[in-house]
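Please look through the sequence and the model below before reading on. The report that follows describes some of the features in words.

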Amino acid sequence: MVHAELTTEESGILQALTDQFGDAITGHEKFADQFSIFVERAIIFELARFMKEEETTGFDLLSDICGVDWIKQPERRFEIVYNFYSIKKNLRVLIRTTIPDSDKPSIRSIEPVYSGADWMEREVYDMLGVEFEGHPDLRRILTPDGFEGWPHRKDFPLTYEAPRFSYNKDNPPEIIK
Amino acid sequence: MGLEEKIPDSIILTTVDYVVNWSRKSSMWPFGFGLACCAIEMMSTFASHFDLSRFGMEVMRPSPRQADLMIVAGRVSIKMAPVVKRLYDQMPNPKWVISMGACASCGGIFNNYAILQGVDRIIPVDIYVPGCPPRPEQLIDGIVKLHKKVMTESIKGRTDRQPQRAAT
């Protein structure tokens with residue numbers, strides 16, 4: 001963890017989160033003017049609500065949700081990064097949670113709090129296979145229908161798949177490895 | 001012209017061939033299928049500096065039913081491939097295809113799960129124009145070559161062309 005100097009607003013945010021959630025905030029990092037806070041995945045829904053509605057935080061814009069596949073750490077394999085931005089304060093914070101590797105890695109969806117999380121979580125589901133519980137319509141968004149596999153996982157082969165048309169949808173061609 | 005299939009093989013049609021081919025090449029209306037960055041170069045080829053209407057391509061028809069030449073400009077993703085095939089099937093005969101750029105010809109630099117490795121896996125291509133993106137002069141060179149190819153065609157050909165490569 002790299003520690004550059006935190007600005008007063010960032011220390012304020014970190015203090016507010018630590019006061020509210022205590023041990024679930026496992027650390028923070030500031031590198032190249034980018035401030036990240038590491039949290040446990042169990043509290044992510046309450047944390048999203050806290051970030052949006054409290055006066056001390058006031059992060060009204062969710063810029064992005066992305067996922068990272070740390071294939072060499074099975075107990076912390078999928079890292080989900082939430083990119084919050086506050087328009088009034090011009091402040092950006094990354095909230096990072098990790099999910100262990102399993103057959104069905106999952107995390108609670110924050111779509112009821114930030115409705116922009118809808119398509120962002122669909123993209124993380126499509127690319128990494130992480131399921132979001134409570135999401136209203138979790139299905140693939142970028143890959144074609146009937147695509148098998150999670151492309152952005154590090155063990156997905158860099159390969160070419162044959163296209164599927166209506167005339168061969170009952171007999172799809174096999175994947176070339 | 002639907003009487004191509006009905007003409008028996010023993011009739012030589014040289015002057016008719018010549019006139020028909022000349023009229024086909026002189027007013028070939030493109031269906032510019034600009035998908036990605038090659039579309040910009042295609043647009044600049046249609047603009048006034050490198051004018052394409054001096055080659056007879058006066059109007060670029062957005063509807064496949066009214067177009068003769070399909071210029072596939074850009075990356076064809078696997079999600080888009082059935083759409084390209086359907087639009088090609090909707091074009092009436094005679095029709096030609098120019099595959100513009102490296103991505104439409106062979107997948108370009110994208111050899112991955114999402115990009116179709118060459119549009120000739122799904123539709124038959126007449127002219128491949130390499131480049132990333134090809135300059136307007138290169139596209140015009142490809143179109144002139146296509147015109148020469150059209151002039152050598154017989155009136156009886158061109159009905160059931162298949163894609164050059166297998167789809168898998």
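## Helices and sheet in chain B

In this predicted model, H1(B) passes H5(B) in a right-handed crossing, where a crossing is called right-handed if the near helix is turned clockwise from the far one by less than a right angle, and left-handed if anticlockwise. The model is predicted, so that local features need pLDDT of at least 70 and side-chain atom pairs count only at pLDDT 80 or more, while totals for chains, interfaces and linings use all residues. Residues are numbered from 1 along each chain as its sequence is written, and chains are lettered from A and ligands numbered from 1 in the order in which they are written.

Helices (H or I, at least four residues) and strands (E, at least two) are DSSP runs, numbered from the N terminus. Two packed helices are described by the angle between their axes and the distance between the axes. For helix H1 (residues 14–26) of chain B and H5(B), the axes come within 8 Å and cross at roughly 160°; axes are lines fitted to C-alpha atoms, for helices over the stretch in contact, and angles run from 0 to 180 degrees between N-to-C directions. H1(B) and H5(B) are therefore roughly antiparallel to each other, given that angles under 35 degrees count as roughly parallel, over 145 as roughly antiparallel, 65 to 115 as roughly perpendicular and the rest as oblique. On the side of H1(B), the contact is made by Asn21(B), Arg24(B) and Lys25(B), and on the side of H5(B) by His147(B), Val150(B) and Met151(B), with two residues in contact if their C-beta atoms, placed from the backbone, lie within 7 Å.

The sheet comes next. In chain B, four strands form an open sheet in the order E1-E2-E3-E4, and the pairing is parallel; two strands pair if DSSP finds at least two bridges between them. Strand E1 (30–34) and E4 of chain B are the edge strands, each of which pairs on one side only. Neighbouring strands of this sheet are turned by 15° against each other on average, direction ignored. Helix H5 (residues 136–151) of chain B packs on the sheet, where it touches E3 and E4 of chain B, and its direction makes about 170° with that of E4(B).

| Strand pair | Bridges | Direction |
|---|---|---|
| E1(B) and E2(B) | five bridges | parallel |
| E2(B) and E3(B) | five bridges | parallel |
| E3(B) and E4(B) | three bridges | parallel |

Within these pairs, Phe31(B) has Met70(B) in E2(B) as its bridge partner, and Val72(B) has Ser99(B) in E3(B). Ser99(B) also stands opposite Tyr128(B) in E4(B).

How many of the five residues of strand E3 (residues 96–100) of chain B are buried? Five of the five are buried, so E3(B) is largely enclosed by the rest of the structure; a residue is buried if 20 or more other C-beta atoms lie within 10 Å of its own, exposed if 12 or fewer, and partly exposed in between, with C-beta atoms placed from the backbone. In a regular strand the side chains alternate between the two faces of the sheet. Both faces of E3(B) are covered, with Trp96(B), Ile98(B) and Met100(B) buried on one side and Val97(B) and Ser99(B) buried on the other.

By contrast, Glu58(B), in the loop between helix H2 (38–46) and strand E2 (69–73) of chain B, counts as exposed because it has 12 C-beta neighbours inside 10 Å.
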